[in-house]
Number of protein chains: 2
Amino acid sequence: MKRTDVNELGEFGLIDHLVKGFKNHNKSTLKSIGDDAAIIKAGAGSVAISTDMLIEGIHFDLSYCPLKHLGYKSVIVNLSDIYAMNMLPSQITFSMALSNRFSVEALEEIYAGVKKACEIYKVDLVGGDTTSIPKGLALSVSALGYTEKLKDIVYRNGAKIGDVICVTGDLGAAYLGLQLLEREKQLFLNDNSIKPDFSGNQYVIERQLKPEARKDAIEYFRKSNLRPTAMIDVSDGLSSDLMHICKQSGVGAYLEESKIPLNAESKQLALEFNMDPVTCALSGGEDYELLFTVAPEDLDKIRFMPGAYIIGEITPEEDGVKLHTTGGNIHPLKAQGWNHF
Amino acid sequence: MKRTDVNELGEFGLIDHLVKGFKNHNKSTLKSIGDDAAIIKAGAGSVAISTDMLIEGIHFDLSYCPLKHLGYKSVIVNLSDIYAMNMLPSQITFSMALSNRFSVEALEEIYAGVKKACEIYKVDLVGGDTTSIPKGLALSVSALGYTEKLKDIVYRNGAKIGDVICVTGDLGAAYLGLQLLEREKQLFLNDNSIKPDFSGNQYVIERQLKPEARKDAIEYFRKSNLRPTAMIDVSDGLSSDLMHICKQSGVGAYLEESKIPLNAESKQLALEFNMDPVTCALSGGEDYELLFTVAPEDLDKIRFMPGAYIIGEITPEEDGVKLHTTGGNIHPLKAQGWNHF
């Protein structure tokens, strides 16, 4: 029998391949696979649902990720997907498969993080599943949101030529936080007497271990009566996520390198690691900022949006997706999201 | 630090313990943890969501479970939860964490099973997550349904004294199928030349590997204008699942041993295994039949329901949950669902 390795297709190629041939049977299925969340018609309104698995040894390392932070982050990454639809999440389900090395006290820590996220983001834990697994820890979280206003929902596919590309905050820090945590882990493994030193790097560590979702951005959009034309959350990296918008909208784009927001701590740390901080922003991922496009006439509303940055513009599809470098060069962007296989 | 083993609490005790202290923030959360599915208000109607994880080495054994059946079953167990709310599921999400031992062809098999279930039950695959895991295979599936008629939703907590207890089909077969598969696996492991012999046992094997959900029962309820007072799907075993209804409804119950439906093949196989077939029905689980209660005045509607059996009656809480044996004895029932930890 033929054996094709999953790496030959990559994550998105694999999903496309596997769901090919699935047909929808219900008119209530408004948006299926391919956006941050699925959209399901429910009476006069719509429900959004997103789901993510977090696997020990792949998405988190308990040697430096506190259980409470893990619980918190597992909720945040799902809420972020609902915000990316320009909707507000209101419920989550939380499922957990755990090996017998986890005590009740350890689980209490995870749930303390889940509870904290629920309280801060005002969402309710409504269900889930708890079971065992031979080895490790696997979390599966879903988030649900509801809106009466179907027209408010923002997909990845609405970007138009001339739209302005914006992002809600600085990028690359979560990735650099991970590099730092991994470096300190290796140092510690080589010499147990070395105590990890994170002084001056609290920001990047927190961006990695305890990210936040940009609920405030959605609230700002509502308050200022602004509807982005397309939106996605930055989970795979600015480059890969912008390409999702471009591909689904049938457009091109350029990013101004000099406009990509970078935190000072990130820049400093990137230097230490001999990395380009812009590359960290483009390919890092896990920042959970919102990347969105707005029509040119809404530009003024963005100028007054706290923490928002204008970083580029949507162009015709044939122009491709490009980076205008600070040095005056133009490079095609590559999708360099993480390949977990 | 104190270390409490999760086994000290059991699955349900553990969940109760962990979610203690969670408060709801949204009026749209109509039913939270504690039923087959959560119910969320969506405009004038309501959405039900259920979720289950299926873990290799815990819930399935790929040495005898075909991948296509696994995909099929992973959908069915979730649809069953939505039917148990007296609702019709319309969408699912399907998430999968897989180790690198799985080829694209293997995943195609799993998805072929998912697709088959979607086609037969007319539900749409709308989302999910695909990622890797260091070892094994973990599936996480959610099902969603919507109804405009909130009054049609049936919870576990509506059973009243005098209500009749019914079940949609025979019980214990899935458990016996598992025993048979495990026995043949051991024989094969001891002697590779032994070919598993399942002749005459197709029914129990299919009940274990490729169960169906009782959509037809919900359709019958609608057609006959019958609303059960309480309902649950038999996933943990008749005994444990009846106790969920009794506990949440604040009632007792008795089951007539002689009325518990058993398939002829199950009875024969139970004898072979030196087991009591009624015990298999009470404690086996994974039958995915619907266990429900109806008001006495609706009894006639049940008599004409294809495949339905009347097996007992709801009694006052102080009478407990009991089994009236064929021999004329009365035994208290014990919840003996599977403890996966």
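**Exercises on a predicted two-chain model**

Chain B can be superposed on chain A with an RMSD of 0.0 Å, using a turn of 180° and a shift of 0.0 Å along the axis. This is a two-fold axis relation. The model is predicted.

**Exercise 1.** Find out through which surface the copies meet.

*Solution.* Take the interface residues of chain B: 100% of them are also interface residues in chain A. The copies therefore meet through the same surface.

**Exercise 2.** Give the strand order of the open sheet of seven strands in chain B, and state which strands stand at its edges.

*Solution.* Step one: the order is β9-β11-β8-β12-β10-β13-β14, and the pairing is mixed. Step two: β9 (230-233) and β14 (330-332) of chain B each have a single partner strand, so one side of each lacks a neighbour in the sheet and they form the edges. Step three: on average, neighbouring strands are turned by 25° against each other, direction ignored.

**Exercise 3.** Describe how β10 and β12 of chain B are joined.

*Solution.* Strand β10 (residues 252-256) and strand β12 (residues 309-315) of chain B run antiparallel and are linked by four bridges. Within this pair, Tyr254(B) of β10 stands opposite Glu313(B) in β12(B).

Methods. Residues numbered from 1 in each chain as written. Chains lettered and ligands numbered in written order. Predicted model: local features only at pLDDT ≥ 70, side-chain atom pairs only at ≥ 80, totals over all residues. Heavy atoms only, no water. Pairing = 2+ DSSP bridges. Helix = DSSP H or I, 4+ residues; strand = E, 2+ residues; numbered from the N terminus. Axes fitted to C-alpha atoms, helices over the stretch in contact; angles between N-to-C directions. Least-squares fit on C-alpha atoms with pLDDT ≥ 70 in both. Contact = heavy atoms within 4.5 Å.
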